[in-house]
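Here is a friendly note to read with the structure open beside you. Take the points one at a time and find each piece as you go.

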Amino acid sequence: MSIIYGKRIRLRAIEREDVAKFHKWVNDPEVTRGLAMYLPLSMQDEENWFDRMSKSDPDEKPLAIEVRKGRNWKLIGNCGVFGISLANRSAELGIIIGEKSEWDKGYGAEAMTLLLQHGFETLNLNRIFLRVYEDNVRAVRSYEKAGFVLEGRQRQAVYKHGKYEDVLFMSVLRSEWDTRKKEK
Ligand SMILES: CC(C)(COP(=O)(O)OP(=O)(O)OC[C@H]1O[C@@H](n2cnc3c(N)ncnc32)[C@H](O)[C@@H]1OP(=O)(O)O)[C@@H](O)C(=O)NCCC(=O)NCCS
């Protein structure tokens, strides 16, 4: 797979040098608020994650998100496709933009749109879904902009910050992707 280019961002392979930034992000409580992480992570934990990811199915390797800054590219997060079911032609997406100064600029929606395009038009998937905590309103809004629709919820499925929260399931079907493309 070669680098996936969008209008303002690109998705490239993750390198070992990226791990220091990931380590910073996964220890930032504001970043991990909407994630299934609650313990501090050491640099060794992150190195181990990188080693595991390097050996994973090539279609499920996480990708670095970079935004164009003049002539350079700035690393702002990572995202990926995982849990691919060949029989059902379905998979799940995940994303972290760790650079908080880059939130709310539409990069999350753009990265998810690139992953949808990759999932439908390269991996030939039929259904692409994600899970998001109900009170992660920034994420929900970003996913809606990328075309995800709410398909259901697991009630009180997660306990975070002293309360139970619903976990929302959002998805895009291939038929919806095709319709959207024709409308453009
Ligand atoms: C969730 C995340 C991927 C979204 O990416 P992003 O680039 O910040 O989001 P976008 O710019 O695409 O969209 C954010 C939208 O939420 C809106 N928003 C932000 N805060 C909001 C709030 N408190 N209430 C309502 N809307 C809000 C923004 O205005 C924007 O909508 P708009 O373009 O219609 O104005 C990113 O913020 C992130 O990685 N956060 C930390 C990790 C995380 O939560 N990952 C997702 C786990 S499911």
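**Notes on the model**

1. Let us start at the ligand. It is surrounded by 22 residues, and the closest are Gly34, Gly108, Ala139, Arg141 and Ser142. Here a residue counts as near a molecule or strand if its C-beta atom, placed from the backbone, lies within 6 Å of it. Strand S5 (90-97), helix H4 (107-121) and helix H5 (137-145) are the elements that give two or more residues to this shell. H5 supplies the largest share, six residues. Helices are DSSP runs of H or I with at least four residues, strands are runs of E with at least two, and both are numbered from the N terminus.

2. What classes of residue make up the shell around the ligand? There are 11 nonpolar, six polar and five charged residues. Ala, Val, Leu, Ile, Met, Phe, Trp, Tyr, Cys and Pro count as nonpolar, Asp, Glu, Lys and Arg as charged, and the others, Gly among them, as polar.

3. A word on what you are looking at: this is a predicted model, in which local features need pLDDT of at least 70, side-chain atom pairs count only at pLDDT 80 or more, and totals for chains, interfaces and linings use all residues. Residues are numbered from 1 along each chain as its sequence is written.

4. Now step back to the whole protein. Its secondary structure comes to six helices and eight strands, arranged along the sequence as β-β-α-α-α-β-β-β-α-β-α-β-β-α. The C-alpha trace spans about 45 × 45 × 35 Å along its principal axes. A compact globule of 184 residues would have a radius of gyration near 16 Å, and the protein has 16 Å, which agrees. That radius is taken over C-alpha atoms, and the globule rule is 2.2 Å times the number of residues to the power 0.38.

5. How much of the protein is buried? Of its 184 residues, 26% count as buried. The cut-off is 20 or more other C-beta atoms within 10 Å of the residue's own; 12 or fewer makes it exposed, anything in between partly exposed, with C-beta atoms placed from the backbone.

6. The eight strands form an open sheet with mixed pairing, in the order S1-S2-S3-S4-S5-S6-S8-S7. S1 and strand S7 (149-160) are the edge strands, each pairing on one side only. Two strands pair if DSSP finds at least two bridges between them. Strands of a sheet pair through backbone hydrogen bonds, either parallel or antiparallel.

7. Follow the sheet from the S1 end. Strand S1 (residues 4-5) and strand S2 (residues 9-13) run antiparallel with two bridges, and a hairpin of three residues joins them. Ile4 faces Leu11 in S2. S2 then pairs antiparallel with strand S3 (residues 63-69) over five bridges, where Ile9 has Val67 as its bridge partner.

8. At the other end, S7 and S8 pair in the antiparallel sense over eight bridges, with Leu150 opposite Met170 in S8. Two residues lie between these strands in their hairpin, and His161 in the turn has a positive phi of about 55 degrees. S8 is also joined to S6 by seven antiparallel bridges; there, Ile128 has Val172 of S8 as its bridge partner.
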